[in-house]
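Welcome, and thanks for taking a look. Please keep the sequence and the 3D view open as you read the points below.

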Amino acid sequence: MAFAKQISGEGALKRRVVKNRLFAGSVIFFSMLTISPILLIVYKLVAKGYRQINIDFFTKKAPDTYEAMVAVGAGEVIPGGILNGIAGTLYMVFIASLIAIPVGLLIGIFLYDQQSKRYAGVVRDVVDILQGVPSIVLGLIAYFWVVKNITNGFSALAGSTALAIMMMPLIIRSTEETLKMIPETIIEAGFALGVPYHKIILRVLIPSGFSGLLTGILLAISRIIGETAPLMLTALGSMQVNFQIDKPTSAIPLLIWEFYNDPNMVDLIWSSSLLLMMMVLLLNLLSRQIIARRS
Amino acid sequence: MSELIKQISDPVLEIRDLSVSYNKDKSAVTAVSAGIKKNRVTAIMGPSGCGKSTLLRAINRMHDLYPNVETVGDIFLNGEDTADMSTMMLRRKIGMVFQRPNPFPTMSIHDNVIAGYKLNGIRLQKSDKNDIVEKSLRDVALWDEVKDSLIKKGTFLSGGQQQRLCIARALAFKPDVILLDEPTSALDPVATKKVEELLMQLKKDYTIVMVTHNMAQAARISDFSMFMYLGELIEYGKTKDMFIKPIDTRTEEYLTGKFS
């Protein structure tokens, strides 16, 4: 204290303390402000949705509007669940992953490998543009490619195609970034043992970056799992649990949209949204866990 | 220069007129010729950027990894032109250890030692595997420290242990020559001492070529020394002679600390 007084005087020091507190206070305030939406969202979804969350919710398909109307009129919980949506979402995300993961990983490896090449730059730009294409446009494209020409009708395959196109740029860039982070010394170690280049990629690079690649894939899934617009034009939706690739298929976000349009089903919006939100949250937490364990 | 090179009788490695350039205008190594004597430690010294690492990496053709690097000249290993050998064969005979320890992070200590076999798809009997692992780890004096944790990841070891593991990985192929690129620059003094003692031991069975910019280290452990400056091999001879009575004034200035 004496020393501080000597160089700057008591008043200056006090001013600094006040400034410091003011700054710290505002940082805390705005941090709270930023996280408050997520807290409010979760609160709202739980408060409005918990009544509908029961075993039936996961094991029965969506009720028709008459059943719902009767239940609502009697002040009861709406019967049935959203199994058709859960199954459809899992099914279509699975098919989309089957398409997007191999292609995404391969292009990501290609971009890493050819970093400074001109055509790799072009591919990288195209991937970035693809990432910026509005999802409804991708839905439209999948409609013309798949619905019109392959499955001759709305289908799970069409929905998965649209979702896969959305996933690809995310996986490509995360793959490239992950591989770039692996120290070159590891690659040289393999090279100094006479290991051929393709084996270094397959057996050194990919295992070393495995958790990063997995994280990228999980985040890509969490990004597309709630997509609605492209599915409206491709998978359309269905009241049945469908695992046929060429038939219309439901999905959780599609059901939320349908419930929104039916005054009798409003209660189901909240529980469905809660489930979707939880799935995304879980994927994000899982990928965070993987990142944490890696470092 | 030339009579000094002739002193090296029956060399394991013979470098003839080797030049390496990273781009067309500037060469990093210019017309270096030298023989490397069997079962000796040869140190390559010189200030930063003098081309010593570039020269070392030319010996096992690490430059093949980078298409923009141009290498001219010949290197013979036991009389055989290394340019005619497959990179796999060449690197089985010439092992390399790097500046920073670089064990494979996804592999156990055991697998790291035999990584050369594993990654090249060379199948071994289980007993052979264990023998190679034990022998290599004993050679680098690491066996007693890690024999109970062979299944642990190599990256759990301390920096000095990791570097010895990397040397063991190079030894597992029973190479003729081991190249080391400033192997102790990332290690603490105690670990450095261990690695230096190890290299003195290893020269009984192997020929060692080591890049260092630590003159004291070269003086401590090498039998022969090269001094490089601006890509040229300025002076090459017995370490003792060079440190006591350098021939070239640039060598003398470097050794006396006039520049570094």
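What follows is a short briefing on domains, salt bridges and a hairpin.

This is a predicted model. The domain assignment of chain A gives two parts, domain 1 (1-50) and domain 2 (83-294).

**Domains of chain A**

- The contact draws on 8 residues of domain 1 of chain A and 5 residues of domain 2 of chain A.
- Taken over C-alpha atoms, the centres of domain 1 of chain A and domain 2 of chain A lie 39 Å apart.
- Between them, domain 1 of chain A and domain 2 of chain A bury about 660 Å², and 89% of that area sits on carbon and sulfur atoms.
- On the domain 1 side of chain A, the residues that lose the most area to domain 2 of chain A are A:L45, A:K48 and A:G49, which together make up 62% of what that side buries.

**Salt bridges**

- Side chains of opposite charge can pair when their charged atoms come close.
- In chain A, A:D267 and A:R51 form a salt bridge, with their closest N and O atoms 4.0 Å apart.
- A:D267 lies in helix α13 (residues 266-294) of chain A and A:R51 in the loop between α1 (2-49) and α2 (55-59), so this pair ties together parts that are 216 residues apart in sequence.
- A:D267 is partly exposed at a relative accessible area of 28%, and A:R51 is partly exposed at 41%.
- A network of salt bridges links A:R124, A:D128, A:R173, A:E176, A:E177 and A:K180.
- In chain B, B:E14 and B:R16 meet through their side chains in a salt bridge of 3.4 Å, N to O; B:E14 is partly exposed at 30% relative accessible area, and B:R16 is partly exposed at 38%.
- Also in chain B, the side chains of B:D64 and B:R61 form a salt bridge at 3.1 Å, N to O. B:D64 is partly exposed at 44% relative accessibility, whereas B:R61 counts as buried at 18%.

**A hairpin in chain B**

- Strand β9 (residues 224-229) of chain B pairs with β10(B) in the antiparallel sense over 6 bridges.
- The two strands, β9(B) and β10(B), form a hairpin with 2 residues between them, and B:L230 in the turn has a positive phi of about 50°.
- B:M226 has B:Y236 as its bridge partner in β10(B).
- Strand β10 (residues 232-238) of chain B is mostly covered, with 5 of its 7 residues buried.

Note on methods:
Residues numbered from 1 in each chain as written. Chains lettered and ligands numbered in written order. Predicted model: local features only at pLDDT ≥ 70, side-chain atom pairs only at ≥ 80, totals over all residues. Heavy atoms only, no water. Buried < 20%, exposed > 50% of the residue type's maximum accessible area, 1.4 Å probe, protein only. Helix = DSSP H or I, 4+ residues; strand = E, 2+ residues; numbered from the N terminus. Pairing = 2+ DSSP bridges. Domains from an automatic or database assignment. Contact = heavy atoms within 4.5 Å. Buried area = accessible area lost by both parts, 1.4 Å probe.
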